[in-house]
Amino acid sequence: MKPAFTSKIGLYKYTHQYGLDVHHGAALVIARRAYGMKEKVPRLLREKLLPTKSPSTEWKRWAMIHQRSEKEAKIITKGSVTPEFWRSHRKEILGLTSNL
């Protein structure tokens, strides 16, 4: 079981959905992996943050999602980005609304 991206997957997939902090989201990812479940990139994130010809592996997709979301968030904030910023401003980062 690879520990790669557990925090980021927990952040992008589960923190808002279940009202968790990043660490509990990562624990949920680890538990799901223990049960043999895969952590695919959700369609909304694929559509908004990945190019049309996305990378071949899920790990590369998650890496690209993280890079692009950080880049978009830094444009919005003009500074550092925290996990709480993603939870509260994910719609702006994904281009779903324009209000901050």
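What radius of gyration would a compact globule with 100 residues have, and what does the protein have? A compact globule would have a value near 13 Å; the protein has 13 Å, which agrees. The radius is taken over C-alpha atoms, and the globule rule is 2.2 Å times the number of residues to the power 0.38.

The model is predicted: local features need pLDDT of at least 70, side-chain atom pairs count only at pLDDT 80 or more, and totals for chains, interfaces and linings use all residues. Residues are numbered from 1 along each chain as its sequence is written, and side-chain values use heavy atoms, without hydrogens and water.

The protein holds five helices and zero strands. Helices (H or I, at least four residues) and strands (E, at least two) are DSSP runs, numbered from the N terminus. The C-alpha trace spans about 40 × 30 × 20 Å along its principal axes. Of the 100 residues, 31% count as buried (under 20% relative accessible area, 1.4 Å probe, protein chains only).

Helix H1 (residues 6-18) meets helix H4 (residues 58-77): their axes come within 11 Å and cross at roughly 65°. Axes are lines fitted to C-alpha atoms over the stretch in contact, and angles run from 0 to 180 degrees between N-to-C directions. H1 is therefore roughly perpendicular to H4 (65 to 115 degrees). H1 supplies Lys 8, Ile 9, Tyr 12 and Lys 13 to the contact; H4 supplies Trp 62, Ile 65, His 66, Ser 69 and Glu 70. Contact means heavy atoms within 4.5 Å.

Terms used. Angles under 35 degrees count as roughly parallel, over 145 as roughly antiparallel, 65 to 115 as roughly perpendicular and the rest as oblique. Buried means under 20% relative accessible area, exposed over 50%, partly exposed in between (1.4 Å probe, protein chains only).
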